[in-house]
Amino acid sequence: MSTVSRRAFVGTSALVGTAAATGVTARPAVAHGRGDGARRAVVVGPGSPQYPDLARGVNQRWIGTPDWIALPGSTEQVVAAVQRAVDTGRRVAVRGGGHCFEDFVGNDEVRAVVDLSAMNAIGYDTRRRAVEVGAGARLGDVNEQLFKRWAVALPAGSCPTVGVGGHISGGGYGPLNRTLGLTVDHLHAVEVVVVGRDGTARAVVASRDDRGALHDLWWAHTGGGGGTFGVVTRYWLRSPGAPGSDPRRALPAPPTELLVATVVWPWQDLDRDSFVTLLKNYSAWHVAHNTPGDPEADLYSHLALFHRSGGAVALNVQLSTEQGDPDRRLDSFLAALGRGVATRSRTVERHRLPWLMATQWSGFADRPSGKRIKGKSAYHRTAFDDAQAQALHRHLTRTDYDHPGSGLLVAPYGGRVNAVAPHETALAHRDSALMLMYVSEWTAAAEDDRHVGFLRDLYEDVYAATGGAPAPGRSTAGAYVNYADTDLKDPRRNRSGVSWQELYFGTNHARLRRTKARWDPRDEFRHALSVRPGGRGK
């Protein structure tokens, strides 16, 4: 356990100066703690040249107006920033990579922001025998450092600019999830700056090996979502059962080489029946290959279903070249998808890449920039039925709407993900075969209602049979908290009779509430979809 006391904070020049507290541009101030008083923390206010950039994340729909933004370089400086926010009555929020779909940081009620981008160090902790990753690190850097230094990998997301801070705490999935599970399945420990009932900020380390309240705090960061329990400053990563103290054995090794391919079906050749058949074939294949250890578990893909104004339905796929004949396996997969589809697919690219280069492949490595974004999500247990597939076709071919940036990505889930019981991590949705991300991206603020409205209509029509949301049942299992969607709180949009908390957290919600009450009893860390404190049985 690591603690910086309130008295120590008050007794130093601390992180945030008087100028920042009054909303005037703040100059960097010295933050003292653990003998590193010479280190300086950057703090900016509305008059600072950095402020316009730091007040916003990737999603340009949300631009905040905080009184100050702190960029700490150490855990002690995070504690100081949080303490200052608490002492001055400012609502505080934390930003990692800034990819949130909703206004968790850019909300007008947020008056202080802790930006973790300077806390991005990656190293090996010999005492914990685990890889240590600063919560401000980006997935692209993590991929590179893990592989170049130790030849290991995480089953993390494919967007290299996403920050690990929120990605891991929400569960974390990516192109290796079917063989290696979720990122949180390799989370050994987490350091979190929390605020006690007396208003004192302190840093706490909680691990998989702890018991009681500390174990609950670790567990809450395996799918409970970011910005709810405190400010994560560091993660330690080590697979369960990893032997010895060699960092090359702390985490799994990735495939040496991957076969990657992009295949398209032109919209002009896809009638409704062919579209429905293609979608049902794709989803049925993954349901059939959903069990842990399936011989095709290394095959991962994105089926991109965007409005027909974009020209084509696209499939991006990767699989290891170390299992059987990869070209034959890919051909078999594509044949299964095309069975009964009236039009033939066209291969845009197909070649082999070494592991690290494959993490930068444009088929998966999206780098959103300068866009306004709305997102939604769903877990599917079974293949798409006719009604769901026809609803997708109906909206994606609408003639009163012609934006190619609206639609959905369908990705595989399952495999090793399903080997973990729902209660073992906070992420409860462990028996799904598919993960869906519904998304719209655009640039002009004047078009917000048009694009958000389209995505809502599409989503609610696909799940019309369950009240406009992917309610837990035979076909669907809920939603993914990292693809935040406040519409699920709105009874006009979510008519399923299932609360948004159950959609995101399933049966784990009650334990998350108890953990929240223990570690953030004052609800200092909150946003539209954060867990609320609750006693036993609430």
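How many helices and how many strands are there in the protein chain? The protein chain has 15 helices and 18 strands, where helices (H or I, at least four residues) and strands (E, at least two) are DSSP runs numbered from the N terminus. This is a predicted model, in which local features need pLDDT of at least 70 and side-chain atom pairs count only at pLDDT 80 or more, while totals for chains, interfaces and linings use all residues. Residues are numbered from 1 along each chain as its sequence is written, and side-chain values use heavy atoms, with hydrogens and water left out.

**Overall form**

- Among contacts (heavy atoms within 4.5 Å) in the protein chain between residues at least 6 apart in sequence, 73% join residues at least 24 apart.

**Aromatic rings**

- The structure holds 17 aromatic pairs, which are rings of Phe, Tyr and Trp (its six-membered ring) with centres within 6.5 Å, called stacked if the planes are under 30 degrees apart, edge-to-face if over 60 and tilted for the rest.
- One of these pairs is edge-to-face, because the rings of Tyr173 and Tyr413 have their centres 6.0 Å apart and their planes at 70 degrees.
- This pair links distant parts of the chain, 240 residues apart, since Tyr173 is in the loop between helix 6 (164-169) and helix 7 (177-180), and Tyr413 is in the loop between strand 16 (406-412) and strand 17 (434-442).
- Tyr173 is buried, with a relative accessible area of 9%, and Tyr413 also counts as buried, at 0% relative accessibility.
- Ring pairs join Tyr173 and Tyr413 with Phe101, Tyr379, Tyr480 and Tyr483 in a cluster.

**A residue in strand 13**

- Gln318 is found in strand 13 (residues 312-320), and it counts as buried because its relative accessibility is 3%.
- Not counting residues up to four places away in sequence, Gln318 touches several residues, including Pro175, Leu176, Val260, Tyr300 and Phe364.

Technical notes:
Buried < 20%, exposed > 50% of the residue type's maximum accessible area, 1.4 Å probe, protein only.
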